[in-house]
Amino acid sequence: SVIARQPAFIVAVLAGALSYGAMVLVMTATPLAMGASGFVFTDSATVIQWHVLAMFGPSFFTGTLIQRFGVLTIILVGTVLMFLALMIDLAGVGFMNFWSALVLVGLGWNFMFVGGSTLLTSAYTIEERAKVQAANDFTVFSTSALAAFGSGALLTNFGWQGVNTGVAPAMAIALVAVIWLMFIERRSMAKT
């Protein structure tokens, strides 16, 4: 409980869980929304392929970006990319809307998830690692599972707009959390 009250732990877990949940929610609903918008399977497959590339391709340099700009900046950029994706998705249901939004979701997820995982390592000692990682993983993957199950229900009951609107509060929470930790760190540095 002492670890769980640390601002770095809170923001790390939120970055991981909310990015994973938002990504799964949108990614799972995208092929269904594209089908409902008249696109064929190969169109959906192309969008998902680019999304997966955007999720994992940046991992070759995300660590370098974290070292250069700081972990909180990278998480913040990831959150902004997720918001941009939502705005593109809400703007229309053309192929380029689906494609560009899902690429941005992939990039945003990478920056938020890798950033959150990196930040988490600052919240515990070696002896506490297994317990803290287990708590983080349980939270992240429970959120992901709920998002996967909730995606179909959101799409069915509220449409594509509802799926994307449903992600906005999660990203707002992540944004506020990162800014909060940045403020705490700046205040702490000013005192020293």
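Guide: A crossing of two helices is left-handed if the near helix is turned anticlockwise from the far one by less than a right angle, and right-handed if clockwise. This is a predicted model, where local features need pLDDT of at least 70 and side-chain atom pairs count only at pLDDT 80 or more, while totals for chains, interfaces and linings use all residues. Residues are numbered from 1 along each chain as its sequence is written, and side-chain values use heavy atoms, leaving out hydrogens and water.

Visitor: Which hand does the crossing of H1 and H4 have?

Guide: The crossing of H1 and H4 is left-handed. Helices here are DSSP runs (H or I, at least four residues), numbered from the N terminus.

Visitor: What makes H1 roughly parallel to H4?

Guide: H1 and H4 (residues 71–91) pack at about 25°, with their axes 12 Å apart. Axes are lines fitted to C-alpha atoms over the stretch in contact, and angles run from 0 to 180 degrees between N-to-C directions. Angles under 35 degrees count as roughly parallel, so H1 is roughly parallel to H4.

Visitor: How do you know which residues make that contact?

Guide: Contact means heavy atoms within 4.5 Å. Val11, Ala15, Ser19, Ala22, Met23 and Val26 of H1 meet Leu72, Ile75, Met82 and Asp89 of H4.

Visitor: How many of the residues in the contact of H1 with H4 are nonpolar, polar and charged?

Guide: Eight are nonpolar, one is polar and one is charged. Ala, Val, Leu, Ile, Met, Phe, Trp, Tyr, Cys and Pro count as nonpolar, Asp, Glu, Lys and Arg as charged, and the others, Gly among them, as polar.

Notes: Helices (H or I, at least four residues) and strands (E, at least two) are DSSP runs, numbered from the N terminus. Angles under 35 degrees count as roughly parallel, over 145 as roughly antiparallel, 65 to 115 as roughly perpendicular and the rest as oblique.
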